[in-house]
Amino acid sequence: MMPKSTRIDRSIFPIRLCNTETSRGMSNSKPVILWFRQDLRLSDNPALHAAAARHAPVLPVYILDDVNAGDWAPGAASRWWRQQSLTALDKSLGHALRFFRGDARTIITRLAGETGAQAVMWNRCYEPWRRSR
């Protein structure tokens with residue numbers, strides 16, 4: 001497990017990041033949850049741009065949802081690639097990316113309620129099992 005730093009280098013990410021611990025203490029700005037799914041890039045990311053346009057703190061999350069993947073679950077090579085990509089993304093975000101495992105619908109709903117999020121942003125996925133959610 002990667003250690004989480006509470007210090008965020010804002011020069012690498014031009015919007016305010018928050019985490020689940022600090023989002024409750026922000027009085028005027030409810031956070032926007034930025035749900036990274038398959039698209040783990042920062043440059044030219046539509047969900048990131050939509051979140052930034054809200055001018056609110058952004059809570060970046062990734063959910064490993066093997067529960068609903070069924071026959072579409074990734075193999076070993078895909079899992080290795082994903083781990084490397086998530087490590088790089090988390091580093092780029094100043095270690096602000098929060099990781100969860102389980103049913104994405106349940107986790108996003110719970111997280112939105114716990115943080116008082118004003119919105120959840122994500123990019124479109126094309127896998128049949130992801131589109132049905």
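Tutor: Angles between axes run from 0 to 180 degrees and are taken between N-to-C directions. The model under discussion is predicted.

Student: At about what angle to β2 does helix α3 run?
Tutor: Helix α3 comprises residues 104-115 and lies across β1, β2, β3 and β4. With the angle taken between N-to-C directions, the value for α3 relative to β2 is about 155 degrees.

Student: What pattern does the protein follow when read along the sequence?
Tutor: The protein contains 4 helices and 4 strands. Read along the sequence, these elements give the pattern β-α-β-α-β-α-β-α.

Student: What is the order of the strands in the open sheet?
Tutor: The sheet has 4 strands with parallel pairing. Strands β3 (98-101) and β4 (119-122) pair on one side only and are therefore the edge strands. From one strand to the next, the twist averages 30 degrees. The order is β3-β2-β1-β4.

Student: Over how many bridges do β1 and β2 pair?
Tutor: Strand β1 covers residues 32-36 and strand β2 covers residues 58-64. Across this pair, Trp 35 stands opposite Val 61, and the bridge partner of Phe 36 is Tyr 62. The two strands pair in the parallel sense, and the number of bridges is 5.

Student: Which strands does helix α1 touch as it packs on the sheet?
Tutor: Helix α1 (residues 46-53) has a direction that makes about 155 degrees with that of β4. Together with β1 and β2, helix α1 makes a right-handed β-α-β unit. The strands touched by α1 are β1, β2 and β4.

Student: Which residue of β4 is the bridge partner of Val 32?
Tutor: Strands β1 and β4 pair in the parallel sense over 4 bridges. For Val 32, the bridge partner in β4 is Ala 119.

Student: Why is β1 described as largely enclosed by the rest of the structure, and how many of its residues are buried?
Tutor: A residue counts as buried when its relative accessible area is under 20%. Strand β1 is largely enclosed because the number of its residues that are buried is 5 of 5.

Student: Which residues form the uncovered face of β3?
Tutor: Strand β3 pairs with β2 in the parallel sense over 4 bridges, and Phe 100 of β3 stands opposite Ile 63. Strands β2 and β3 also make a right-handed β-α-β unit with α2. The covered face of β3 carries Arg 98 and Phe 100, and the uncovered face carries Phe 99 and Arg 101.

Student: Which residues touch the most other members of the largest nonpolar core?
Tutor: In soluble globular proteins, nonpolar side chains tend to be buried together. The largest nonpolar core here has 17 residues, and those that touch the most other members are Leu 34, Phe 36, Tyr 62, Leu 97 and Met 121.

Student: Is Leu 64 buried or exposed?
Tutor: Leu 64 lies in strand β2. Beyond residues up to four places away in sequence, Leu 64 touches Arg 79, Arg 82, Phe 100, Arg 101 and Gly 102. The C-alpha atom of Leu 64 is 6.3 Å from that of Gly 102, although the two residues are 38 apart along the chain. Because its relative accessibility is 12%, Leu 64 counts as buried.

Student: What percentage of the protein's residues reach a pLDDT of 70 or more?
Tutor: Over residues 1-14 the pLDDT is below 50, and this stretch has 26 contacts in the model beyond near neighbours in sequence. Over residues 20-27 the pLDDT is also below 50, with 9 such contacts. For the protein, the mean pLDDT is 78, and the share of residues reaching 70 or more is 73%.

Note on methods
Residues are numbered from 1 along each chain as its sequence is written. This is a predicted model: local features need pLDDT of at least 70, side-chain atom pairs count only at pLDDT 80 or more; totals for chains, interfaces and linings use all residues. Side-chain values use heavy atoms; hydrogens and water are left out. Contact means heavy atoms within 4.5 Å. A nonpolar core is a set of buried Ala, Val, Leu, Ile, Met, Phe, Trp, Tyr and Cys residues joined through side-chain atoms within 4.5 Å. Buried means under 20% relative accessible area, exposed over 50%, partly exposed in between (1.4 Å probe, protein chains only). pLDDT is the predictor's confidence in each residue, from 0 to 100. A crossover is right-handed if, with the strands pointing away from the viewer, the path from the first strand over the helix to the second runs clockwise.
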